[in-house]
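Visitor: I am new to this structure and would like to know how its descriptions are reached. Could you walk me through it?

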Amino acid sequence: MTQQTENRGKANRKLMKKLLVVAAVMFGFGFALVPFYEKICEVTGIRNVFQPDAEAAQNTQVDTTRNVSVEFDANTQRLPWTFKPLQASVSVHPGEVTQVQYEVRNTLERPVTGQAVPSYSPQQAAPYFRKMECFCFRQQTLAPGEARTMPVVFVIDPKLPPELNAVTLSYTFFEVNGARGSGG
Amino acid sequence: MSAVIDSGHAHDEHRPDGGIMRWVTTTNHKDIGTLYLWFSFTMLLVGGMLALAIRAELFQPGLQFWHPEFFNQLTTMHGLIMVFGAIMPAFVGFANWQVPLMIGAPDMAFARLNNWSFWMLPVAATLLVGSFFVPGGATAAGWTIYAPLSTQMGPGMDLAIFALHIMGASSIMGSINIITTILNMRAPGMTLLRMPLFVWTWLITAYLLIAVMPVLAGAITMLLTDRHFGTSFFNAAGGGDPVMFQHIFWFFGHPEVYIMILPGFGIISQVIPAFSRKPLFGYSSMVYATASIAVLSFIVWAHHMFTVGMPTAGILFFMYATVLIAVPTGVKVFNWLTTMWRGSMSFETPMLFAVGFIFVFTMGGFTGLILAIMPIDIQLQDTYYVVAHFHYVLVAGSLFSLFAGFYFWVPKWTGRMYDEKLGKWHFWLSMIFFNVTFFPMHFLGLAGMPRRIPDYALQFAGFNEIASIGAFGFGLSQILFLWIALKVTVLGQGEKAGQRPWEGADTLEWTHLPSPAPYHSFDEQPVLG
Ligand code: HEM
Ligand SMILES: [Cu+2]
């Protein structure tokens, strides 16, 4: 091998190492996006479904000229709990503080921890639906066979667009760590 | 890891003996280029068969052939195989053959690594295609493998994840090789701004690959740990967020679509001047346009996610950034057209594909612009309009550029001319059937037909029927291409090609090497004046 090709081999290996470092850094960058996005969502308040809505309390003006029908829905995601609202729907005035109940029962022989995730339909209603108290604010651990009745306290913002007169609040209960070993 | 340059043997024309071991152990860039090209063509046919299975089902409304679950596997695997098995390896094959020839280098920088990069691919392809046969079948989460579907599917998903890991590693190794070759092994006198455009586009593409393939690897590693190790990156119950998967995926995904088109731009930028018998118009603006497309491609990913519920400021940012990409893209199209302007053009098959490319790719660019307008995209997201858009840029863009490159360089590779008459047939059949297949999809999308469904409402029947007929025509036309390729390569038929069969082509492989290019070329590097 000539001197020239040997030098070139050395230069090539050096460049390769640099490029490998770039690739490794970008692999790390992919994971760094996770806390980055969490921060963004926290700062911008995009993902505040697990916290009480702050402005809710001061909003006490009740708009008695309107009625909004609020419907309740309950689901479980591969979690053998029974989970249902104790009332299918209620009719409320915007601004009126309302309490409803959900019931959940662990049908398993072991204690299970679950987390409920709320969602709204239609989507446009979501910003006007304020929960002051909700079982979804924290994880729920149920002993074997335990049943529990859990309240949701909410108020609908009177600024709800007039064309919306029905809103559905839907919860899905997931098992915490439920992904483990259930990929089948 | 041996990183020794293949410094060539004392006597030049000693090819290794035939037999399978030659191909398994080869470190020669030309052999490896050939392997890549045959591999990717095989995957094109496999992916094409899946596409025909899709179009057969969609020929009529109702469920004819497949269960909906299997249909979803078909669309998913079609996408994965075409993107990672056909288009990307095909361009790497071109890089292997052409980059050393065009910069006057004896071989790729890391010849042994090069062999590994290739041979990882058949392993990955076997895992991927084999996943059809595991319980539950192949992954059906779409080629974008969105969570939470992808955290819930059966073992086929795991196989796909492994296959993607391997293909990603192969791409990264290949890119390191290409960058090193281009930066360190150019012939004396070939400054960066004298490199042929194909080399430039690959240099930039290789950087893109190194930047984003690891991000994909990270995303699918998170999927894997969510699936099996109890993490909750994308699991809402555990505090994760499925939408975050989309963000990470598209941070890879949008640069990825440019990875699949930039080397195609490079090929077109070689072919157009050669058949216009004029130098490329605006060479340096081409280089800068390519670079700015690459840079911009990192800040537009959320145009795939306009409907997830982003803040308005975010939507506006991604919308404007996306529209901005049309500027450098427009510069390129302008330069190609201006290169042809008053050139003494001739229309052999490579040029037909190149001109066809400009025409049809540009239509895909326009539909991209329409989709980039968020209020419109809200209507069109996940409809057949998007399917039409990306097939215009990927089939008529990437694939047609690959065909153009094949017809352009095959005389140099084999020393023989392909069958010009059949080549022209291949072009016209492909062009016509491509449009018969995909043009109606614009209308389907505008009328609201969702993508990735096995059945549809009656009013969509007419256009779907046309699209399916076109698809079978397009598929059959590629059998003609197989025959053309076999004839000129394996069977060794066709007129003997001179050193420079295209008089307008002036890069090193045409001016300094005979046809076929010798097994070892540029052991003595040419010196450019
Ligand atoms: C002017 C240039 C382009 C613009 C403005 C553009 C814009 C867009 C937009 C906004 C979408 C999202 C549509 C939706 O899901 O609602 C999209 C999808 C897509 N584009 Fe483009 N695009 C351009 C060029 C390209 C190129 C060059 C390629 C590849 C060669 C490409 C490949 C794709 C693919 C594969 C998808 C669909 C991904 C999926 O959802 O499966 N685009 N494009
Ligand atoms: Cu994109």
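Visitor: Where does A:P122 lie?

Guide: A:P122 sits in the loop between β5 (112-121) and β6 (129-133) of chain A. Helices (H or I, at least four residues) and strands (E, at least two) are DSSP runs, numbered from the N terminus. This is a predicted model, in which local features need pLDDT of at least 70 and side-chain atom pairs count only at pLDDT 80 or more, while totals for chains, interfaces and linings use all residues. Residues are numbered from 1 along each chain as its sequence is written, and chains are lettered from A and ligands numbered from 1 in the order in which they are written.

Visitor: What is the peptide bond from A:S121 to A:P122, cis or trans?

Guide: That bond is cis, with omega near -5 degrees. In chain B, a cis peptide bond also joins B:A147 and B:P148, and its omega is about 5 degrees. B:P148 belongs to the loop between α4 (111-130) and α5 (149-152) of chain B.

Visitor: What makes β5(A) and β9 of chain A a pair?

Guide: Two strands pair if DSSP finds at least two bridges between them. β5(A) and strand β9 (residues 166-175) have 8 bridges in the antiparallel sense, so by that rule they pair. One of the residues involved is A:A116, whose bridge partner in β9(A) is A:F173. β5(A) is also joined to strand β7 (residues 140-142) of chain A by 3 bridges, and these strands run antiparallel. There, A:V112 stands opposite A:L142 in β7(A).

Visitor: Why is B:I145 called buried?

Guide: A residue is buried if 20 or more other C-beta atoms lie within 10 Å of its own, exposed if 12 or fewer, and partly exposed in between, with C-beta atoms placed from the backbone. B:I145 has 25 other C-beta atoms within 10 Å, so it is buried. B:I145 lies in the loop between α4 and α5 of chain B, and its phi is near 35 degrees, a positive value in a residue other than glycine.

Visitor: And B:R342, is that residue buried or exposed?

Guide: B:R342 is exposed, because it has 9 other C-beta atoms within 10 Å. B:R342 is found in the loop between α11 and α12 of chain B. Its phi is near 60 degrees, again a positive value in a residue other than glycine.

Visitor: Why does B:Q246 count as buried?

Guide: B:Q246 has 21 C-beta neighbours inside 10 Å, so it counts as buried. B:Q246 lies in helix α8 of chain B. Two residues are in contact if their C-beta atoms, placed from the backbone, lie within 7 Å. Leaving aside neighbours within four places in sequence, B:Q246 is in contact with B:Y146, B:M305 and B:V308. B:Q246 and B:V308 are 62 residues apart along the chain, with their C-alpha atoms separated by 9.4 Å.

Visitor: How do you know that chain B agrees with a compact globule?

Guide: The radius of gyration is taken over C-alpha atoms, and the globule rule is 2.2 Å times the number of residues to the power 0.38. With 529 residues, a compact globule would come out near 24 Å; chain B has 23 Å, so the two agree. Its C-alpha trace spans about 65 × 50 × 45 Å along the principal axes. Chain B has 17 helices and 0 strands, and buried residues make up 55% of its 529 residues.

Visitor: What makes a set of residues a nonpolar core?

Guide: The set must consist of buried Ala, Val, Leu, Ile, Met, Phe, Trp, Tyr and Cys residues joined through C-beta atoms within 7 Å. The largest such core has 178 residues, and those with the most contacts inside it are B:V199, B:A219, B:V271 and B:A404. Apart from that core lies another, of 21 residues, among them A:V152, A:F154, A:I156 and B:A236.

Visitor: Which residues are closest to ligand 1?

Guide: The closest are B:V257, B:G368, B:L371, B:Q381 and B:F390, out of 25 residues that surround ligand 1. A residue is near a molecule if its C-beta atom, placed from the backbone, lies within 6 Å of it. The largest share of this shell, 7 residues, comes from α14(B).
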